[in-house]
Amino acid sequence: MVIPDLTGIDAAAELAARILERAKGPVHIGAHQVDPTVSIGIAIGDRTSEAEQLIRDATAAMGQAKADGRDRFAFADAALAERAAQRLDIERRIRDGLARSRFVPFFQPVVDLATRELSGYEALVRFRRDDGSIAEPSRFMPVAETSRLVCELDALMLRHCLDALAWIPDHLTIGVNLSTVTLTRPGYLQLMGDLIAEAGVRTSRLHLELTETSLLENSAHVVQSMTQIAELGPRWYVDDFGTGYSSISHLRDLPISGLKLDLSFASGVRHGEPKSLRLTHALA
């Protein structure tokens, strides 16, 4: 197989894993049943690669897959093979964690600096391992994003937040991050509308957050989804503002209710840095 538009080794590993899965199952040849397996060798090239060398590398990698026990794939580059194996293991753990309710929200307090009173919470997704230890999002979220499992994570966290809004005081809010991958998922608007209607809470108390860097890649579909969701009542906020070189036009054209300054800005304000103070006052 020649894949000219491959986006990287992760995509190659995903495709190989899907081929292995689809190839499983009995095949009947006459009166006989055969259970086939597939061994796959993968070679990654660029514009300077020669076809003959890629075929040799892929063939050698396939031989390694057979030597390792068959019914698997292998990369010609050992380092790539290790990285792909780690990624697939994380993806497997995410699927297992979703099935076993291992993903839980940690509610971080949000305090009004003017009054020093609690104004709400931010829901942070965490993975609880079997031994009780907690995995931070940086350990699983990049894989969740590329595998689109983030859509299931976002839906799970939304349910937790709506449940929490039903029992915390009515003047408090809850913020939660959403991925642009989720916003482009067919049917997500309907899912959110159904969950909001079922929860029966004041929807303006739900704050949805997108990182500034994700807005750099916004599409017409994302803009439309954000606008339609805002019409349901939730408020949009830009997280990590000041890190993504985002155009100020996003603040004009999107239904944004507020900004969450990046830590580098907040730290400067805390220490009284003149530039950080001026920029913060201008944004306010």
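This briefing walks through salt bridges in the structure above. The model is predicted, so to speak of local features takes a pLDDT of at least 70, side-chain atom pairs count only at pLDDT 80 or more, and totals for chains, interfaces and linings use all residues. Residues are numbered from 1 along each chain as its sequence is written, and side-chain values use heavy atoms, with hydrogens and water left out. Side chains of opposite charge can pair when their charged atoms come close.

**Count and criterion**
- A salt bridge here is a side-chain nitrogen of Lys or Arg within 4 Å of a carboxyl oxygen of Asp or Glu.
- By that rule, the model has 12 salt bridges.

**The E14 network**
- Salt bridges link E14, R87, E91 and R95 in a network.
- E14 and R87 pair through their side chains at 2.5 Å, N to O.
- This pair links distant parts of the chain, 73 residues apart, with E14 in helix α1 (residues 9-23) and R87 in helix α3 (residues 78-99); helices are DSSP runs of H or I, at least four residues, numbered from the N terminus.
- Both E14 and R87 are buried, where buried means under 20% relative accessible area, exposed over 50%, and partly exposed in between (1.4 Å probe, protein chains only).
- R95 and E91 form a salt bridge with their closest N and O atoms 2.9 Å apart.
- Both R95 and E91 sit in helix α3, four residues apart, about one turn of the helix.
- E91 counts as buried because its relative accessibility is 11%, while R95, at 45%, counts as partly exposed.

**The D96–R100 pair**
- D96 and R100 meet in a salt bridge at 3.0 Å, N to O.
- D96 is partly exposed at 32% relative accessible area, and R100 is partly exposed at 39% relative accessibility.

Note on methods: Helix = DSSP H or I, 4+ residues; strand = E, 2+ residues; numbered from the N terminus.
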